[in-house]
Amino acid sequence: MGMDTEEEQEFGAPQADSEWPELEKAERLARGAALKWASGVFYSPKQLTRLDQYRSREAQRMCSIESRIKSTVQSYLESVQTGLQQLGLALKEVQEAGEALVGAQEALSKQAEVAHTLGPLRELANQHRQLQAVTLLLPQLLAVPEAVARTQALIKGNRFLEAYGVLRQLEQLRDEVLDPLGRPELSLFEGLTPLGEELGLAMGKVVGSARQLARDDPALLVAAVRVAEFEEERDIQLQSSSPGRPRAWRQCCLGALRKALEEAYFEGPAPGPPGLAGHLATLQEALPAELALAEALVAPCCPGDYRVVKLWAHTLHQGLCQHLQQLLDHEDLGTQDIFTLLHWALHIYPGPEMMGHPDLNPEADISELEPLLSPEAVEQLERTYTEKLKISIAKWLQKALDGEVAEWFREQEPDVGPEGFYYSSLPAVVLQVCVLEEGGKGEQNCLRWGEISSICARRCQLTMCPGPSHPQILDENIRVTAVISSSLQERVHGMALRELGTFLRSLIEALERFSQEHLRNAFRPRHYVPYLLASLNHYAALSSSVSLLKPTGMSTTTTGVSAAIDAALGDLKKKICRLIMDALLEELQPLFVALPSRQWLSSLVMLDNVCEKTASFCSQFSRVQSPMAQMLLAESERAVVLEYLRGLMQGKLVCRNSTERIQASERMLQDSAQLRELFLSLELEENAQTGAVLSALQELFRLQDPALLSLEVSSFLHKFPDVSEEHIGVLLDVRGDVSREQRQVVLETMQANPPPSPPPDGHRPLFSLVPVPSPPQAFCFPAGSCS
């Protein structure tokens, strides 16, 4: 540390000035660097001998640096002195300029006062120029009222080009006079604006008559259009710089064309529903003719950019849209009018007979425009059509059913057709209302408008035609309904199926009331069975024709309704067959009272009477169409066999010995053969008969050894799997020789055997429909218990 202090003193380090901290910091850094350098140089003792040389060298360097510093500082001081001198000169010049500006401002203020006194002189000069201009145009100004009157006369005379020329001259004169004057209001030119409006209205009226003028005076139409085009160019040039601009006479002319078309076709009173078809037919002829007129006569009178045919087509289309909507809003359309309107709007109007005609100008294309009827309007019309049709059909069906029920109580049999079958008008009426009114499947657009109109007319004149439905009328109405839309077809089919289902259920209820009336008074419906047979023919006609109401590709809803129709038809057939079989059993049951009995064992009279009654009853089935007649024969044969089995199961006869058992066996065998021959004579095939059960039963009675009954019963159970233990027990009791042990063995064998396999297709149970009498109650003392 002592060395450092000595070196600092030796190098003459100046004292730091506290007022200059940066200088003090620089000095410290310099000293540190010098000390570091010195300590590095003189670190070795050998170098200390050269200390004097280093000292003298550094002293020389310091002297050189000081001299250079003094020279630099002297140069800076001289520059500062020169700058101060120049600043003084500049300050003096600025002061002199300020004094000059003050003098100029005072002179300018004096000149402004003098210029203000010249204002009246300038105004007077301006007035002089205006008076000079008016004086030059005074002869023309005096002629303005006469020119206005002449223009009005030209307008009234439909001389539009001349009137427009005069109007242009008057407007030019007005601009020449008023523009220099600053466009003041001058009463002389106040009539020009109304005059222009009058000319525009007159031209609009003429252009609105373009349809007639194109034939009679096309030059007038051309003149009006040319004036409108001239003014359109001036509107573009002047825009809003002139009063009354833009006049937009071109738009007025186009608007007049549109309005004239709308007034000609759509602003008259809407036709009532009876006249809707004629109104649409008139439009069908008039609109294409109108477009042809526009293309041939009006378009040549107008510039090409007017696109007259397109204007005509779009105006007619939009007017027709509004017209139809107003018609829907204010008119309560019937089903025929809705059908006509839908077909016309959806198919005729855009089709080749009208707007899609190949001879029409391509500009008449309306494919890019909205449809005549919006999807919502079409939906509403289809819904309304279906609902109204539903009400009409429901009333008609109810009326037809009431008429059919009234015929059931007539004093004569049902009518007989050429083929010898019972018939009435009911099937034809039902099918015509449910199918002919609604239609079904068919190709779209397969009929022309005339054919559809004629079919619609015939639809309103449906009559009750005898016999089956008419395929030709049916096919026509199917195709007519199909041409509207698939959605309407689906709606109508669903409605028709539902109404037909409702009708079938009502018919079943009417048959039930008819049966109850017969039960109350057997002679009240004098021809009870014949009318039931006629109703079965109705079922055959309805079931064979109802498939026409089931188009391919039906929706899930329609499929469900169709299944309900099938179920209702099945219930109708079952109801009619049940009532017919009840009528048959009503005649046969008194004859089966004596079965089984001793008299039955020894006499053929009882079954002879049964066969006679059955043959007489079944002879009426010849009035029923096949295969219903075969079904009735099969049901009758089965009903007789079931009644036979019911008599056996009553257990009223118990065989006392083997002789009676043999007699019972032979009796059942003979009865089976007699019933088989009876129904074979009635043309019922043997494989459709159930009398074989009697032949199987007689085997149980013919068996001599009761110990073998288990095998016989097993064989019988295999043939008739629906026989129960109770049935077998009754049959064993009728045999009269089966002990309790043998009976128990037979029943245990039945229980031990595996359950019988399901009956084959077409097999109908017998024994499950035969009741078994309840066993007698054991005798009990009043005060004791049964033992």
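Trainee: Which residues does Thr614 touch, not counting residues up to four places away in sequence?
Mentor: Keep in mind that this is a predicted model. In it, Thr614 touches Leu584, Leu588, Val640, Leu678 and Phe679, leaving out anything up to four places away in sequence.

Trainee: And where is Thr614 found, in which helix?
Mentor: Thr614 is in helix α23, which covers residues 605–618.

Trainee: Is Thr614 buried or exposed?
Mentor: Buried: Thr614 has a relative accessibility of 0%, and the cut-off for buried is under 20%.

Trainee: OK, switching to Glu643. Which helix has that one?
Mentor: Glu643 sits in helix α24, residues 628–648.

Trainee: Does Glu643 count as buried or exposed?
Mentor: Glu643 counts as buried, because its relative accessibility is 10% and buried means under 20%.

Trainee: What is Glu643 in contact with, leaving aside neighbours within four places in sequence?
Mentor: Leu585, Gln589 and Phe592. There's also a spacing to look at with Leu595: Glu643 and Leu595 are 48 residues apart in sequence, and their C-alpha atoms are 9.7 Å apart in space.

Trainee: Let's zoom out. How many helices and strands are there in the protein chain?
Mentor: 29 helices and 2 strands. Of the 787 residues in the chain, 41% are buried.

Trainee: What share of the contacts with a separation of 6 or more comes from residues 24 or more positions apart?
Mentor: 77% of them.

Trainee: Now helix packing. At what angle do α15 and α19 pack?
Mentor: About 20 degrees, and their axes are 10 Å apart. Helix α15 is residues 375–408, while α19 is residues 486–520. That angle makes α15 roughly parallel to α19, since the cut-off for roughly parallel is under 35 degrees.

Trainee: Is the crossing of α15 and α19 left-handed or right-handed?
Mentor: Right-handed.

Trainee: Cysteines next. How many disulfides does the structure hold?
Mentor: 0 disulfides. Take Cys252: the nearest cysteine sulfur belongs to Cys253 and is 6.9 Å away, whereas a disulfide needs the sulfur atoms within 2.5 Å.

Trainee: Are Cys252 and Cys577 buried or partly exposed?
Mentor: One of each. Cys252 is partly exposed, with a relative accessible area of 42%, and Cys577 is buried, at 8%.

Trainee: Last topic, α28. How many of its residues are buried?
Mentor: 8 of its 11 residues, so α28, spanning residues 725–735, is mostly covered, with buried meaning under 20% relative accessible area. The buried ones are His727, Ile728, Gly729, Val730, Leu731, Leu732, Val734 and Arg735.

Trainee: What covers the buried residues of α28?
Mentor: The cover includes α24, α25 (658–681), α26 (692–702), α27 (709–719) and α29 (740–752). Helix α24 is also the one with Glu643 in it.

Trainee: Which residue follows α28?
Mentor: Gly736, and its phi is positive, near 85 degrees.

Terms used: Residues are numbered from 1 along each chain as its sequence is written. This is a predicted model: local features need pLDDT of at least 70, side-chain atom pairs count only at pLDDT 80 or more; totals for chains, interfaces and linings use all residues. Side-chain values use heavy atoms; hydrogens and water are left out. Helices (H or I, at least four residues) and strands (E, at least two) are DSSP runs, numbered from the N terminus. Buried means under 20% relative accessible area, exposed over 50%, partly exposed in between (1.4 Å probe, protein chains only). Contact means heavy atoms within 4.5 Å. Axes are lines fitted to C-alpha atoms, for helices over the stretch in contact, and angles run from 0 to 180 degrees between N-to-C directions. Angles under 35 degrees count as roughly parallel, over 145 as roughly antiparallel, 65 to 115 as roughly perpendicular and the rest as oblique. A crossing is left-handed if the near helix is turned anticlockwise from the far one by less than a right angle, and right-handed if clockwise.
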